[in-house]
Amino acid sequence: IYSSSGSCNSRSRRLRQASSVCFTKGLLSLLRKKPMMKLFSCFYPVVFVAAVLWTGCAAQKHHTEVVIVSTNDIHAAIDRMPALATLVERTRAVNPNVLVLDAGDKWTGNPYVDLNKEVGLPIVALLDSIGYDLSTVGNHGFDHGVALLGERIRHARFETVLANVISDTACFPVLPAYSFRTVDGVKLGFLGLLDTSRGGYPDGRLENFSGVGFSDPLRTALRYRNLKDSCDLLVGLTHLGVDLDSTLAEQMPQLRLIVGGHSHTVLAGGGKSVNGVLITQTGKGLQYAGITRLKFRNRRLIGIENHLVPLDTISPDPKIAALVRQYEQAPELLRRVGETTVPMDKVALLNLQVDAILARTQTDFAFYNWNGMRIDTHAAAPFTVADVFAMEPFGSVLYQLPMRLSDLRELILNKFN
């Protein structure tokens, strides 16, 4: 009688109506003619069937599954975008309740994006083509200054949320701290946060942040705890790093999910659970995309599961691949500037970098930041302008200063030990 779809079928409705009429007529008749005990024993089967039918229909439950596809620290890896597009399309084909999110640092790392005539525009156009819904801002979003970031945010079709930025300039929009999305009757809230642990600013040159200020992300987040009362699930969309995300989860369990970035952490195996909050992150450079499945019953979260999908296992979308090829047709970036006859790993590339610094500065020693090298290998092949930029996309400044041997010893012991 109770259908598998969770609703009463037509046969059950007819039985329910018939039993209701029978029960009403019989009850009136027996109240006039029969003792109460006789009435109960006589009509117990009818009462039972009617109760089952009514209970079955009243117990209908609305099940909803929302899928979040997430990325972070893309760093302009446009060559992986066609595979990501295929993954998003396949996910939507199975379940239309899909939201696509990014947790910051979309550019800085690829010359075809960062040296484009319209800096950063290729990555924004590709994200729009894939159909992103929401994003937050990473520290490298400010690498080309506040004005350009503001222009790209206005240009994008997806929304950008960030709670702890304060704009004092007309060239940078006042960003919403949070945003709500309703998917198949389920209301989700997304709160954007950015790390400011470098003296109250994100990582980067101070001049890049001219015109904006920042508040502490953890204290800011706590001011939005009551957002949980306005939605069915509150999600942190953060660029804090996995350690600070863990602290946030400890302090704010109202967030049941944190889609994070910044520390380039590969949180495989379902993410990291802290204080009942699931923290997810996908590494860097679109090695992976995150898939988070949120299961609701009558708008109440009853299950959450995350896993990572390696994008090198996904076939590329031909339309997005064609767009990427257009961006990579830049003759000035394909010009050869040298070559290597042997493959080079990251140590060899760093040695090449410090040798170049020594040659340019004519100094005795050169030190360079390990994480400043943004590629890990180079094949036995020519170097192009694009390759050199990909090695060091930050435009780092060289500082030259005299040091005694005792100063060098102290530097090594205290900084690098």
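Which helices are included in what covers the buried residues of H9? I looked, and H3 and H5 are among them. Before going on, I noted the ground rules.

**Ground rules.** I am reading a predicted model, where local features need pLDDT of at least 70, side-chain atom pairs count only at pLDDT 80 or more, and totals for chains, interfaces and linings use all residues. Residues are numbered from 1 along each chain as its sequence is written, and side-chain values use heavy atoms, with hydrogens and water left out. Helices (H or I, at least four residues) and strands (E, at least two) are DSSP runs, numbered from the N terminus. I call a residue buried under 20% relative accessible area, exposed over 50%, and partly exposed in between (1.4 Å probe, protein chains only). Contact means heavy atoms within 4.5 Å.

**Helix H9.** I found Ile320, Ala321 and Val324 buried in H9. Looking down the axis of H9, I see these buried residues fall within an arc of 100°, so they line one face of the helix. That arc is taken from the directions from the helix axis to the C-beta atoms. Pro318, Lys319 and Gln326 are exposed on the other side of H9. At the N-terminal end of H9 I found a cap, aspartate 317, with a side-chain oxygen 3.1 Å from the backbone nitrogen of lysine 319.

**Helix H3.** Next I followed H3, which has 14 residues. From first C-alpha to last, H3 reaches 20 Å, close to the 20 Å expected at 1.5 Å a residue; the expected span is 1.5 Å times one less than the number of residues. I listed its buried residues, among them Met81, Leu84, Leu87 and Thr91. The buried residues of H3 pack against strands S1, S2 (98-102), S13 (288-297) and S14 (300-310), and against helices H5 (121-130) and H9 (318-327).

**Cores.** Which residues have the most contacts inside the largest nonpolar core? I got Met81, Leu84, Phe142 and Phe172, in a core of 51 residues. H3 gives the most to this core, with 6 residues. A second, separate core has 21 residues, including Leu191, Leu227, Leu240 and Val274. A nonpolar core here is a set of buried Ala, Val, Leu, Ile, Met, Phe, Trp, Tyr and Cys residues joined through side-chain atoms within 4.5 Å. In soluble globular proteins, nonpolar side chains tend to be buried together. I also checked what phenylalanine 172 touches, leaving out residues up to four places away in sequence, and the list includes Phe142, Val146, Arg154 and Val212.

Aspartate 73 sits in the loop between strand S1 (63-71) and helix H3 (81-94). Is aspartate 73 buried or exposed? I noted it as buried, because its relative accessibility is 0%. Asparagine 275 also has a positive phi, near 55°, in the loop between strands S11 (272-274) and S12 (277-280). Asparagine 275 is partly exposed, at 39% relative accessibility.

I found threonine 341 in the loop between strand S15 (336-339) and helix H10 (346-361). Threonine 341 is exposed at 69%, and its C-alpha is 8.4 Å from that of alanine 379, 38 residues apart in sequence. I then looked for disulfides (a pair of cysteine sulfur atoms within 2.5 Å) and counted 0. Cysteine 171 is partly exposed at 30%, whereas cysteine 231 is buried at 8%.

Technical notes
Polar contact = N/O pair within 3.5 Å; in protein donor to acceptor, adjacent residues only side chain to side chain.
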